[in-house]
Amino acid sequence: MKRFVNTYSVLRILRTMESTTVGTDPLALWTIILIRWPLLAGHLERDPELIEVIKADGEIPEPLRSLEPTVRRFLTDAPTELTPALIRSCCGGQVG
């Protein structure tokens with residue numbers, strides 16, 4: 001829990017300093033992904049559109065296949081939906 005709170009707080013401060021508005025729920029969801037599945041977070045930072053492929057049961061990159069059932073269930077049960085635009089906002093200005 002402490003790791004989540006610290007990571008979330010840092011992300012919230014960074015987005016505020018960048019004048020990027022991100023809702024509490026999407027940023028919390030992104031924080032969970034960063035902590036629990038850093039490999040997935042890295043792929044999503046480089047290719048935010050991958051979230052749509054994962055949610056649509058499409059083919060995901062080989063390194064992520066072992067995470068597939070758990071990640072899909074997590075995203076399906078999440079209280080908010082992550083979109084490519086929200087991922088870009090959560091990651092900040094460095095992501096295109």
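Reader: What is the relative accessible area of Arg65?
Author: Arg65 is partly exposed, the class between buried (under 20% relative accessible area) and exposed (over 50%), with a 1.4 Å probe and protein chains only. The model is predicted, so local features need pLDDT of at least 70 and side-chain atom pairs pLDDT 80 or more, while totals for chains, interfaces and linings use all residues. Residues are numbered from 1 along each chain as its sequence is written, and side-chain values use heavy atoms, without hydrogens or water. For Arg65 the value is 30%.

Reader: Which residue forms a salt bridge with Arg65?
Author: A salt bridge is a side-chain nitrogen of Lys or Arg within 4 Å of a carboxyl oxygen of Asp or Glu. Here the N to O distance is 2.5 Å. The partner is exposed, at 64% relative accessible area: Glu59.

Reader: Where does the salt-bridge partner of Glu49 lie?
Author: Glu49 pairs with Arg88, their closest N and O atoms being 2.8 Å apart. Glu49 sits in the loop between helix 3 and helix 4, 39 residues from Arg88. Helices are DSSP runs (H or I, at least four residues), numbered from the N terminus. Arg88 lies in helix 6.

Conventions. Helix = DSSP H or I, 4+ residues; strand = E, 2+ residues; numbered from the N terminus.
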